[in-house]
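Subject: Structure handover, with notes on what was found

Dear colleague,

Please find below the sequence and structure that I am handing over to you. My notes on cavities, the chain contact and a few residues follow directly after.

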Amino acid sequence: MGVYWAIAVRSFRRFSTYRIATLSGAFTNTVFGFIFCGVYLTLWEARPGLGGYDVSDALTFVWLQQGLLLPVGIFGATTTGELGERVRTGEIAVDLYRPTHLMLWWLSVDAGRAAFQLLFRGGAPLLVGALVFNLNFPSSALQWLAVAVAVTFGITVSFGVRYLVALSGFWITDSRGVANLAMAMSLFFSGSTLPLVLFPGWIGEVARATPWAATLQVPIDVWLGRNPGGVGSALAFQLVWILILVLAGQLATYFATRKVVIAGG
Amino acid sequence: MSVIELENVSRAFTVSSRTGFRRTRREVRAVDGLSFTVEPGEVMGYIGPNGAGKSTTIKMLTGILVPTSGSIRVAGVDPSRNRLKLAKRIGVVFGQRTTLWWDLPLKDSFAVLQKMYGVPRARHRENLATFVELLDLGDLLDVPVRQLSLGQRMRGDIAAALLHDPEIVYLDEPTIGLDIISKARLREFLAQVNKERQTTIILTTHDLDDIEALCSRVMVIDHGHQVFDGTLTGLRASQSAPRTLIVDLATSLPPIEIPGTTVTKTEGPRQHLTFPPTTSAAPLVAQIAASYPLVDLSISDPTIESIIARLYATPHRSSEVSDM
């Protein structure tokens with residue numbers, strides 16, 4: 001297992017070399033944080049208690065959302081984007097020469113990326129938001145722990161989806177179309193456009209059951225302590241998606257490898 | 001015992017092309033009935049024109065492609081069934097790609113490799129020290145890979161492929177794009193590794209100087225068939241490429257007429273005569289000197305390039321497969 005840890009560490013270091021990108025990205029997140037706060041303040045003043053959130057819940061949601069966008073990879077992530085590129089160009093063959101498992105390798109790479117971005121892209125906007133607005137924070141060590149687990153699970157679910165999208169390139173000529181579709185779904189169903197608690201009726205039910213809900217909405221609700229069925233069921237919901245996606249990812253890896261090895265690409 | 005054994009190995013690909021709505025499928029044999037063995041410590045040059053089946057062979061040897069028929073054993077195992085296990089015992093370098101971490105210092109890539117191949121720390125340190133010295137990597141260890149020149153990067157990639165003491169190394173055009181000095185250094189290094197560690201090296205290249213400097217054995221493949229297997233000298237001898245006699249006369253004269261030679265070119269007083277490789281040049285020179293105002297002359301033997309070009313042009317599955 002040492003190798004996967006070593007890979008994650010190198011990936012973390014790699015992302016730490018992009019200083020200007022990190023800085024400008026964090027700045028952008030902060031600007032968008034203020035814009036969303038303006039919108040949400042108006043909304044929650046007109047309809048107090050909307051979706052079960054009070055005003056400070058809504059504002060906290062904004063800053064957590066801005067902080068998690070990149071670590072979770074709502075718009076896709078550099079790492080899985082590169083994997084898709086390797087599949088497209090056939091360079092993926094190089095990865096098969098290594099005595100490592102493809103999915104674990106890329107999971108480690110993605111984990112290193114997410115850890116870096118969580119600290120430096122997630123932390124900065126949240127800090128600014130907390131200085132300007134009155135935000136909610138977890139109230140107990142146990143809740144902090146739950147948040148940490150939920151965020152980790154959320155990133156893993158997101159990786160699972162992005163990994164499948166990247167591997168789809170083995171069967172279709174270009175996975176970029178699928179990647180765009182996945183991004184649209186992700187923007188809508190993760191809660192990064194509007195909190196999913198605002199979606200009415202069956203649309204809300206469906207949205208809250210998707211894997212994308214497990215990436216962003218669920219971890220934020222754990223932070224806010226607003227999960228409809230409690231923290232336990234929220235984490236279980238994420239875990240179910242992780243299991244499904246890991247299984248699907250392993251199957252996809254198996255068939256992709258088989259395709260390369262038997263059919264020759 | 002041979003470290004690599006191929007027996008009647010073939011690999012076919014299905015190529016589908018589309019014209020209008022009709023889809024046609026065609027089978028292409030990239031490798032066809034290939035058999036050879038490689039002994040431990042051998043350095044074999046594996047050459048052939050683009051699309052000859054070189055990469056397909058290497059892919060089958062590393063286990064990322066299964067043969068359509070025939071059997072392969074590398075280091076005693078079937079590569080495609082033992083891909084991950086075999087990966088620990090082989091090294092692979094692609095001249096046109098890198099396996100190094102692009103944005104990180106070179107040493108980070110080496111550190112990951114130590115973990116990846118589970119190389120004991122002491123052994124890793126020892127190997128790294130050797131390669132750093134031989135490949136002059138000392139000043140480069142802290143430099144991000146993206147800032148390295150092509151030659152420096154290549155040295156890094158080669159070190160990376162050898163750090164886990166592989167028994168077999170596949171080098172795919174390792175000197176492509178390098179300048180003459182970098183090429184020479186790399187060849188020297190590979191020769192030394194082969195000598196000191198008995199590493200088996202399979203080298204594909206279009207640069208015949210690589211072959212000349214490194215390989216005790218050359219295999220030529222074309223259209224998936226083996227067309228030559230032997231030494232470089234044997235390769236030269238196998239093809240009856242004509243030799244050329246370049247004659248400078250005192251004045252411009254009509255083409256020289258000597259039996260057994262043909263004038264292929266005249267440039268004023270200079271004439272180019274070709275003659276079969278089996279003919280000795282001495283009597284020809286004597287005859288010319290006796291009948292023409294000879295000023296100067298030189299003999300040029302066919303270059304290895306032209307010999308190989310002839311091999312490629314030969315219809316495949318011919319009787320010219322040499323077995324030496």
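In this predicted model, the second largest cavity is lined by Ile158(B), Leu162(B), Val169(B), Leu171(B), Leu190(B), Val193(B), Thr199(B) and Ile201(B). A cavity here is a set of points, on a 1 Å grid over the protein atoms alone, where a 1.4 Å probe fits but cannot get out, and lining residues have an atom within 4 Å of a point. Two or more lining residues come from each of helix 5 (150-162), strand 6 (168-172) and helix 6 (180-197) of chain B, where helices (H or I, at least four residues) and strands (E, at least two) are DSSP runs numbered from the N terminus. Sorted by class, this lining holds 7 nonpolar residues, 1 polar residue and no charged ones; Ala, Val, Leu, Ile, Met, Phe, Trp, Tyr, Cys and Pro count as nonpolar, Asp, Glu, Lys and Arg as charged, and the others, Gly among them, as polar. The volume of the second largest cavity is about 30 Å³, a volume being the space filled by probe spheres set on the points, with grid points joined across faces, edges and corners.

By class, the lining of the largest cavity divides into 3 nonpolar, 2 polar and 2 charged residues.

As to conventions, residues are numbered from 1 along each chain as its sequence is written, while chains are lettered from A and ligands numbered from 1 in the order in which they are written. Because the model is predicted, local features need pLDDT of at least 70 and side-chain atom pairs count only at pLDDT 80 or more, whereas totals for chains, interfaces and linings use all residues; side-chain values use heavy atoms, with hydrogens and water left out.

Turning to chain B as a whole, it has 10 helices and 14 strands, and its C-alpha atoms fill a box of roughly 75 × 55 × 50 Å along the principal axes. Of its 324 residues, 50% count as buried, meaning under 20% relative accessible area, with exposed set at over 50% and partly exposed in between (1.4 Å probe, protein chains only). The domain assignment, which is automatic or from a database, gives domain 1 (4-89 + 166-237) and domain 2 (242-301), and the centres of these two domains, taken over C-alpha atoms, are 42 Å apart.

The contact between the chains (heavy atoms within 4.5 Å) takes 27 residues from chain B and 28 residues from chain A. The area buried between them is about 2,400 Å², of which carbon and sulfur atoms give 69%; buried area is the accessible area (1.4 Å probe) that two parts lose on being put together, summed over both. Ile64(B), Trp101(B) and Met116(B) supply 24% of the area that chain B buries against chain A, more than any other three residues.

Some individual residues may also be of use. Glu173(B), in the loop between strand 6 and helix 6 of chain B, has a positive phi near 50 degrees although it is not glycine, and at 15% relative accessibility it counts as buried. His223(B) likewise has a positive phi near 50 degrees, and lies in the loop between strand 8 (217-222) and strand 9 (225-230) of chain B, but at 48% relative accessibility His223(B) counts as partly exposed.

Leu235(B), in helix 8 (residues 232-238) of chain B, is buried with a relative accessible area of 0%. Leaving aside neighbours within four places in sequence, Leu235(B) is in contact with residues including Val218(B), Val220(B), Phe228(B) and Ile304(B). Helix 1 (residues 54-62) of chain B is mostly covered, with 7 of its 9 residues buried, and this helix is followed by Gly63(B), whose phi is positive, near 90 degrees.

With kind regards

Terms used:
1 Å grid on protein atoms, 1.4 Å probe; cavity = no way out; pocket = protein on both sides within 12 Å on 5 of 7 lines; lining within 4 Å.
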